[in-house]
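I open this notebook to record what I looked up, entry by entry. The structure is shown first.

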Amino acid sequence: MAEHYKVRALEVDDTFQMWSPYKMQRVFEFMIRNNMNTLVFHENNIVDKIVWPGFIYGYEKDDLRSYSIYREKLYKEIYYRTPSPYVFIDELMIFRDLMKTILGQAKELGLDIYLQPKEIWFPELLYERQDLMKNGKMCPSEPWWWETFLPKKYEELLQNFPEITGIVTSTGTKESRISLAHQKCQCDKCKAMKMEDWQHKVIMSIYTPLKAHGKKLVIRDFSYYADEQNGIRAGLLNLPDDIIISIKNVPQDYYQTFPHNKLIGHVGKHEQWIEYETMGEYYGWGLAPVSMLNDIQYRMKYCLENGADGISTRIDWEALPNHSTFETPNQLNLYAIAQLGLNVDLPLQDIYCKWLVEDHLLKEGINPNEFKDCLDFVKGIFEKTWPVMSKTPHLLGAVFMNNSKIPVSIDNADFISQEHHGIHKWFPEYKELFNYDDKHAQGMLNEKEEAYREIIELNKQWHSRNPGLKDEVYHTYCGLFDIFELFVKMFRLVGKSYVYIKYLQLHGKNPTLMSREGLIGEIKKLIGEMKTVEQELKDHKAPVQFKYQFLAMMNPERLRVYYEDVEAVLATLI
Ligand SMILES: [Zn+2]
């Protein structure tokens, strides 16, 4: 087993962060200080923001520098041909120069730089191409995409951005502009095309120009179903050996209640990177302080033992602008990825130490005894946070949330827990969770009560004294622990009411958990309590820098539409 991860990468997703030279300075500083060596910019259309490509405007020369294309063809063609406000495309070189400035800084610091687009993405102009549009849908199976468009687009990118190390991409996702996975175009070519063949063609059309320029290609697995992953797995093994494979530590998305991703250790001769997530998309966005340190060490050890070469972590989320680990206690989890990447056996206490000291969280002039006391206090509480979170927006490990937000209806809860984020799609042994029989229903109800009891105790401990943090840090964290308690309180009511409704729907004729009247009474009581919490959410004073995120994650209107739906569904059951 290797002693450490060769590639230690940080991934930026938020447009407001990655396109800001000012914000990127603190990211660079963190990376250098923690010996991270690889930076990934993930924006689904990032390549299309900085490359026209010129040939779609009729430019056919070998010199693909943006200013040459602009001079020869673009300034005029765009005026006549672009359907949407042409000025944005006309000024693409400003975006290009902004990105060049940021990448130039990263390069000077010695970082490897990857861009992470989703393919196939393309400019609006191509919607005018009648040979590509079929029955009003853009066809992903026309060979033009991999024979012409993608090789030319990437050639233009590489001539203009020689500083990049390579490209990270995924093709089988629903997040690109077109994909065979969308199944929107139903033409004969699409019907005859196999997913793995389509992916292979797309991947190779990006790989070829990259290889010619001495650049690397990293392919991500992003599949929604186990059978898709099997196809991808077969496809991966047919790719050139120097393509790197990047996979999440669990299947599909960053669900830290899931067992390990079965692809880990099964990627043939390819270099293998592992992706983790530290912004907290599925564990409270950092508004709920959660230490993932035990999980991170457990996962990183497992992956290293199974041949992983790289570890990568996302520090923000494209759907949540102006928010990252840098604003929240999730910075602790970022330190863990960075430090465990260098030494996977590092005692976790050292990570807490590094975070408190290097993020300047401690009060001025703290003496060694006070420091020890502060460390023990913070670590003692933080270590108990994930056990609370794991029982909150989950149902015995199944995902019961929309990215840390409550479901908006019973149907929505069915969809997210069973279809969209369904754990049993990947691990069939979890299927019986969704029978909502006495054993499982009671287990889900119990975990909601346990989580609530535990967070009340943790929050009380946190509020009992400032152990040695700067006053403003301590008070902000008091505010965050208050949010965490309210989060658990809300999910307790939402989760329990959902479980009771499912129980009534499935076992209402012969209930054994409790009487029918008892079940109906419990649901009515929970609806009443949700109305009270709705008011608490409205009145709650979140720390000022987290007001918008608090509203987005715990909007009282969201709770209202949920309990109104519970009332409506209940009415059909009695
Ligand atoms: Zn088609």
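Entry 1, the model. I note at the outset that I am working from a predicted model.

I looked up how far residues 244–248 are covered, and found five of the five residues of strand 8 buried. I then separated the two faces of strand 8.

Entry 3, neighbours of strand 8. I followed the pairing to strand 7 (residues 216–220), which runs parallel to strand 8 and is joined to it by three bridges. I also followed it to strand 9 (residues 272–277), where four bridges again give parallel pairing with strand 8. I took Ile 245 as a reference point: Ile 219 stands opposite it, and in strand 9 its bridge partner is Gln 272.

I looked up the axes of helix 12 (residues 331–342) and helix 13 (residues 348–358), which come within 9 Å and cross at roughly 125 degrees. Helix 12 and helix 13 are therefore classed as oblique to each other. I recorded their crossing as right-handed. On the helix 12 side, I listed Gln 331, Leu 332, Tyr 335, Ala 336 and Gln 339 as making the contact; helix 13 contributes Ile 351, Lys 354 and Trp 355. By class, I counted five nonpolar, two polar and one charged among the residues of this contact.

How values were computed. Residues are numbered from 1 along each chain as its sequence is written. This is a predicted model: local features need pLDDT of at least 70, side-chain atom pairs count only at pLDDT 80 or more; totals for chains, interfaces and linings use all residues. Axes are lines fitted to C-alpha atoms, for helices over the stretch in contact, and angles run from 0 to 180 degrees between N-to-C directions. Angles under 35 degrees count as roughly parallel, over 145 as roughly antiparallel, 65 to 115 as roughly perpendicular and the rest as oblique. A crossing is left-handed if the near helix is turned anticlockwise from the far one by less than a right angle, and right-handed if clockwise. Two residues are in contact if their C-beta atoms, placed from the backbone, lie within 7 Å. Ala, Val, Leu, Ile, Met, Phe, Trp, Tyr, Cys and Pro count as nonpolar, Asp, Glu, Lys and Arg as charged, and the others, Gly among them, as polar. A residue is buried if 20 or more other C-beta atoms lie within 10 Å of its own, exposed if 12 or fewer, and partly exposed in between; C-beta atoms are placed from the backbone. Two strands pair if DSSP finds at least two bridges between them.
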